[in-house]
Amino acid sequence: MDETTVTATQDDTTVESDDLVEDELLVEEISIDGMCGVY
Amino acid sequence: MLDASLDLHPRVALRPEPFGALAYHYETRRLVFLKHPDVVRVIKALAAHDTVADALTACDIDRHRWASFDRALTSLYESEMLHDRCS
Amino acid sequence: MTAAASAPALVDQLKGGLDAPICLTWELTYACNLECVHCLSSSGRRDPHELSTAEAKAVLDELHDLQVFYINIGGGEPMIRRDFFELVEYSIAKGIGVKFSTNGAFIDATKARRLAAMDYLDIQISLDGTDAVTNDAVRGTGSYATAIAAMEHLRDAGFGEFKISVVVTRHNVDQLDRFKALADDYGAQLRITRLRPSGRGAESWHDLHPTQAQQRQIYEWLLAHGDRVLTGDSFFHLNALGDGSAGATLQGLNLCGAGRVVCLIDPVGDVYACPFVIHDEFKAGSVRDPGGFARIWTGSELFTELREPESAGACTSCGSYDACQGGCMAAKFFVGIPLDGPDPECVGGHGEDAMLTADGATLPRPMMDHSKPARVPVQLTRR
């Protein structure tokens, strides 16, 4: 995997310990027809 | 989106669920899951604040999460669930 | 401040069920002018205990209070009910969108204009072949012409994008491109769905359901051409043919919605997990019971059970379980495979093995059959 250096001075796009938060998918669209069990 | 003034589209119904909410647009028939209660709080707070950033602050959203919220609100804007405030 | 946990995968959140259905199927009547060989509700004759107009409106009131966004109306042939328009208009007035499924026999030019003038209304015309020979073999003589006529009326009335809904069978799977072209011709959207061995479908399933090779054909066609094609997520079991990547996964939630996000209300007010399991085993209650529909959705034993985490059962050792979720319980139930067993159309072939051990004599039979009696030719004798 990528190696990351810890010397970043900018704040927004550097890898921080909470990668998890950056990847939060807070909304998800689904087709109103996209669920099994209706005509 | 952080500087935008947004409102929930009037044809959108917001239905609370244990994990957050469902948003359904009666005209476009798009259905979106709001997967975290914090997103729901922020959306409800939009009307009472000038900008998205103000709403995020008012809802105590950790700065680290603002990028995710920005993405989420942008996606809702693009699917017309949110629109620019008219006035 | 610690980061908030990432929201779990949507599918996992939905498996536990929602506070109200997202949408549901409502069969308004068992009466039908057709007798399709694969009819999932074994329709034909009206049931004497059908919900009255008042009872139906009471259900709509409940659905409104639950904030159900839209309903799929079907049957039988829903337009046969004299209060069809009254109920549709009532539903829309209450903010519940309506899509109804019809064979088109009752859509003339006047009705088409009336339907075109309505908001929040969608129509699904049933068609199972791109020519009369293919279609009528399943749906009856003249049914192809009837459907096309209805489509013509809708187009002439400026209805807009209605849907053409196809049940994919062994005999029409080669017509998918033509179905798409037909939909394009009418400004309609194509919808293809899976045949289940439900209702009268149980008798014809072994002859009609797609072969393994044809299932792959359906899967690949959907991936290549299915961008604007709806499926009602009914082919999620085919995702096991892919590698799990986004490009190899069919659109949809990829899970069985029965009792979790959808359900069925039948013409006499009985509530089932989905329209493909009209059988006591999957009956959750009746809207006529105290507490009505809401109590059934939130507290019935059956739905509570369906919302419990499921185990892979016999499919535990199979690497494809994540993709296929064990398939369709209706398909398993009516061919005699245990519900924790493989889907009869399992792309790995495990369903075929499972069916070999099913006992044909004890297959579940539908509890009700509203099929019209077979017409016996009358012998005329000379006096």
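Predicted model: local features only at pLDDT ≥ 70, side-chain atom pairs only at ≥ 80, totals over all residues.
Residues are numbered from 1 along each chain as its sequence is written, while chains are lettered from A and ligands numbered from 1 in the order in which they are written.

**View 1. Chain C as a whole, with 14 helices and 9 strands.** Helices (H or I, at least four residues) and strands (E, at least two) are DSSP runs, numbered from the N terminus. The radius of gyration, taken over C-alpha atoms, is 21 Å for chain C, close to the 21 Å from the globule rule for 383 residues, so the chain is as compact as a globular protein of that length. That rule is 2.2 Å times the number of residues to the power 0.38. Along the principal axes, the C-alpha atoms of chain C fill a box of roughly 80 × 50 × 45 Å.

**View 2. The open sheet of 9 strands in chain C.** Pairing is mixed, and the order reads β6-β5-β4-β3-β2-β1-β7-β8-β9; two strands pair if DSSP finds at least two bridges between them. At the edges of the sheet stand β6 (189–194) and β9 (283–286) of chain C, each with a single partner strand, so one side of each has no neighbour in the sheet.

**View 3. Strands β2 and β3 of chain C, running parallel.** Here 4 bridges join β2 (residues 70–75) to β3 (residues 97–102), and I73(C) sits opposite F100(C) in β3(C). Helix α3 (residues 84–93) of chain C packs on the sheet, touching β2, β3 and β4 (121–126). Contact means C-beta atoms, placed from the backbone, within 7 Å. The direction of α3 makes about 150 degrees with that of β3(C); axes are lines fitted to C-alpha atoms, for helices over the stretch in contact, and angles run from 0 to 180 degrees between N-to-C directions.

View 4. Q67(C) is partly exposed, with 18 other C-beta atoms within 10 Å. The cut-offs, using C-beta atoms placed from the backbone, are 20 or more others within 10 Å for buried, 12 or fewer for exposed, and partly exposed in between.

Definitions and conventions: Contact = placed C-beta atoms within 7 Å.
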